[in-house]
Amino acid sequence: MAHGTQMRRHLCGIQTVWTDAGEAEGAVASVAEAIDRSIVGHLIVFFSPAYEAEVLTASLAAHFPGVGVSGCSTSGGISPAGTIERGLVVIAFPRQGFRIVSGLLTQITRLDVEGAASTVRGLRRLLDQGRPEGVGGHRFALSLIDSLANAEETVVSAVAWALDGIPLIGGSAGDDLAFSSTILIRDGVLCRDAAVILLVETDFPIRIFKSDNFEPTQRKFVVTAAREEERRVSELNAEPAAREYAMAVGLDPENLSTMSFAAYPLAVKIGGEYYCRSISRVEPDGSLTFFCAIGEGVVMTLAQPRDIVEATRAELEGLDEALGGLDLVIGFDCVFRRLDAESRQVRHRIADLYKRYGVVGFETYGEQYRAMHLNQTFTGIAIGRAETP
Amino acid sequence: MNRPTLWMEPPPDPQTIESLNLRVAKLERINASLMAHVERTMDQQGGAYSLFQTAIMLEGRVRARTEELTALMHSLERSNEALQAAKEEAETANRSKTRFLAAASHDLLQPLNAARLSLSALTDLAPGPEAKAVARQVERGLETIEDLIKTLIDISKLDAGIVRPVVKPVRLTDLVAGIEASFRPFAERKELRLVTRCADLVVETDGLLLRRILQNLVSNAIRYTESGGVLIAARRRGGATGKLCRIDVVDTGRGIPEHERGLVFEEFYRGGHDSEEGGIGLGLGLSIVQRMASTLRHDIALYSRIGHGTRLSLTLPIAAQRPDAQVPLAPLATALTGARVLVIENDASTAEALQRLLRNWDAEVRVFRDLAGVVTALGTGMARPDVMVIDYHLDNGACGLDVVDYLRRNRGWVTPVILTTADHGADIAAQAQATGAELVHKPIKPAQLRSLLAYMLA
C-alpha cells in the first residue's frame, strides 16, 4: 500500500513525516516540502537500507542547511500510517521547547569506555552551558547503535555511567534482516561500527517505557560452547545449538527462520525476571548468532509470546494516563515483534494502536533501556501534551 | 508444577551402556560449562554478558530500593494521618476543656461576684467600726476563694498551653508587702508571727504567677504551723553582682518526713494531719506551685526538719531593667449622683447586689434580665441612660451586646457600655473592643466599677 508523504504536527511542536518514496533524494525533497522548515532545530531520520546513504545525507544537507541530523538504517520505519518497509521516517524537533546536542562514538567494536564516557560528559556540559537562565527542563538520552558491531552492552554501560541518572532509551540499527550493513548518520557523516548519542532537554513532560510480551516455559538450555565476541552459540546442552533448539520447539533444524526465532524466543533469568535473548540467524555450521551478549554456561529458558496487542495497549494506555494525554511516542520496536504479530495476523491491530497514540520510530535489532540492552521489547519515550509550568 | 528440565532427546535405548555413556558425557560437558560460568561470574573481569547482567542487577536493586522507599513513604503517610487525627482529637478535647472551664468559672464566680457586691453594699450601710472589720474579713475570705478558683482555671490553662506567662521586671517589695497584708489576719488568728525580710530587688518573672506561687507557699506554711511563725525572705544570691534572687518561705511547723517529701508536690496531697482551720485547702497548693514555677523556669527546692520546720525556696533571675512605671489609678469618682444607669443582668442576686451598690452611690438604676425587658420599658417611655452595665451571657444563650445593638439601631443611642463577664476568653475581649465597650471581669470589684463609671460619665 502506498502512503505517499504524510505529515503530522504535534502539540509540542514536533513534526513527524513519513514517506515511501522509492529513492533517497525524492524522499528528502518531499519531506522538506511537507514540513515547516523554519522552526526545525534537529532531525532524526530512520531510513530504509535500500536508500543510498550518501545521497540521503547530501540531500538532507541541501534541504536543511544548519540543522542537526541524526539517524540510522532500519528494518522498517514505524509511522502512524503503519510500517514503512521502504522509505523514510523523520522526526523534526522544533528549536522552541527542545534543546538537543548529539555526539558520535566510533570504533565501538573496541570501545574505549573512558573515552566514550567523557564524550557523553562533554554533551552534558554542552547542554548545561546552552541552558537559558532559570530553565530546568526534563532530560533524556537517545542512542542509535550499529548492531553488527556486537557492542551494545559495552556502549550502553559506558554511556549510562556518564549520564549519571539521565534516562536512556534507544535502538540498534537494522538492515531489513540482511545482517550485512547497518549505517548510522550524524550531521552529514556516514558511519559504521559506531553509535550516535543524543541528549534532549524539553519543557514537555516525558516518560520512558519498556514493554514485552513473553513468558517462560519449563524448557531449559545450557550454553556449552560459544564464541562470545561474535555472540555465537555453537552448542546448547552439549549438542549442536540449532539442532537442539529446533528439536525443543518441534521444528526441522533445516527450516529454522527468523519467524521461528520470533515465535520461540529464548530468555535468561536475572534478578528474578526474564529477559529475552533473541537469535538473529542460523549459521551454516549449525550454530546460532544472537542479537545480544551471550556466554558459556548461561542457562536459557524457552519462552513463548503472550498477547502482544494487549500488552502494547496496556503500556500505551498507562503512558497516556500517566502523562495526562500523549502527544507522541518515539518507539524502538524489535523487528521480531513485527514478524510475530504478522504471523499471528494481529499486525493491523498494533498499527491501529500506534496510530491512535502517535508512535513513530523504527524496527530494531535490539532496544536500549536505561543501562540495559534488550531484545524482543518495545521501548521508547513518550511525550505528554501538557506543557509543564 | 513441573520441574524445569534440560531439553534433551530421550536416549534411544536406555539400557545400552553406550547410550548411558553418551548421556554421562553430555552432562559432564554441561556441568563443566556451568562451573566455568559460575567462576566467571565470581570474577571481577566481566565480559559483555556480565555487563548486561550487572546492568539488570543494578536496575533491580534501584527498583527494589525505590519500592522500599515508596512503601516507607506510604507507611509514614499513614502514620502521619493517624498522628494528625490524634492531634485534632486532642485539640478538640482541649478546646472543649477550655470551654468547659470558661463555663465553670462563670458559674463559680457568679455567686461570688454577687456576694462581694452585697458585702460592699452592707459595709456602706453599717458604718460601725466592728461591722467594717468583720466585713473586711469576709471580703478577704471571698478574695481567697476567688483566687483559688482563678488558680484552678489558670493551672488548667497552663496545662492546656493556653496561658503563656508574661515575663517582665517585677518589684519584689510591693509584691511581698501585698502578700503579707493579705495573710496577716490568718497568721494573727493562729497567733503566729508573720515576718518579711525583703531586699529591694526587681526580678524577671510573671508578677501574677509569682504572686500565686507565694500565696500558696505562705498559705501552706500558716496552715501547717501551730506555733512560732512564718518568714518571707528575699535576697540576692551570689554577692552584690549576683544574677539570681532566692525567695524563702520558712515556717516553724512540724516538718515533712523524708518519705513524704516527694509526694508534697502531687495533687491532693495533704500533710499527716488536717489543719484545724478546716476551711479551704484542697491540697492543690504545692502541685500548683510546682507547675507555675516550672512554667516560669524558676527552681523550687524543699528543706525540712521534723519538729523544726520547713523551708521552700524559689530561685529566679534578677531583672536587668527597672519595672515599668505604675499606671496611675483613675481619680475617685464623685459624679455618680443622679446618673441614669441601665443594668442588664440575668442573675437575680448579682442584679440585686449591683442595684443596691449603684443606689448607694446615688445613681438612678434600672435593671432588666434581657432585651425583652428593655423593649417593654422603652415602650413606657424609659429615658436614655447615661451608661449601661451589661452582662455578656444572658439567659437562653442570648448575648448582652444585643441590647447595645438594639438601642443603637432603633433609638440611635450611643451610650457608654461596661460589659461584665466571668469569661476570660479572647473572643469576648475582641467583641467588647469592636463595640467600644469597657470589659470588666467578674467578680466585679466595687472600687474598680465606681472609678470606671465616674471616668465614663466625665
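In strand β19 of chain A, A:Cys276 is the bridge partner of A:Ala267. Keep in mind that this is a predicted model. Together they form a hairpin, with two residues between the strands. Look at A:Gly271 in the turn: its phi is positive, about 55°.

Next, the sheet in chain A. Six strands make an open sheet, and the pairing is mixed. Read across, the order is β8-β13-β9-β10-β25-β26. The edges are β8(A), residues 98-106, and β26(A), residues 372-374; each of them pairs on one side only. On average, neighbouring strands are turned by 20° against each other, ignoring direction.

Inside that sheet, take β9(A), residues 138-145, and β13(A), residues 194-202. They run antiparallel and share eight bridges. A:His138 has A:Thr202 in β13(A) as its bridge partner.

Two helices pack on this sheet. Helix α3(A), residues 113-129, touches β8 and β13 of chain A. Its direction makes about 165° with that of β8(A). Helix α4(A), residues 152-163, touches β8, β9, β10, β13, β25 and β26 of chain A. The direction of α4(A) makes about 160° with that of β9(A).

Now helix on helix. Two packed helices are described by the angle between their axes and the distance between the axes. For α1(A), residues 24-34, and α2(A), residues 53-63, the angle is about 25° and the axes are 8 Å apart. Angles under 35 degrees count as roughly parallel, so α1(A) and α2(A) are roughly parallel to each other. The crossing is right-handed. Who meets whom? From α1(A) come A:Ala24, A:Glu25, A:Val28, A:Ala29 and A:Ala32. From α2(A) come A:Val55, A:Leu56, A:Ser59, A:Leu60 and A:His63. By class, that contact has seven nonpolar residues, two polar and one charged.

Last item. An unreviewed UniProt entry annotates residues 66-96 of chain B as "coiled-coil region". In the model, that span is 100% helix and 0% strand. Its end C-alpha atoms lie 44 Å apart.

Conventions. Residues are numbered from 1 along each chain as its sequence is written. Chains are lettered from A and ligands numbered from 1 in the order in which they are written. This is a predicted model: local features need pLDDT of at least 70, side-chain atom pairs count only at pLDDT 80 or more; totals for chains, interfaces and linings use all residues. Axes are lines fitted to C-alpha atoms, for helices over the stretch in contact, and angles run from 0 to 180 degrees between N-to-C directions. Helices (H or I, at least four residues) and strands (E, at least two) are DSSP runs, numbered from the N terminus. Angles under 35 degrees count as roughly parallel, over 145 as roughly antiparallel, 65 to 115 as roughly perpendicular and the rest as oblique. A crossing is left-handed if the near helix is turned anticlockwise from the far one by less than a right angle, and right-handed if clockwise. Two residues are in contact if their C-beta atoms, placed from the backbone, lie within 7 Å. Ala, Val, Leu, Ile, Met, Phe, Trp, Tyr, Cys and Pro count as nonpolar, Asp, Glu, Lys and Arg as charged, and the others, Gly among them, as polar. Two strands pair if DSSP finds at least two bridges between them. UniProt positions are given in the numbering used here, feature names are shortened, and annotations may be inferred rather than shown by experiment.
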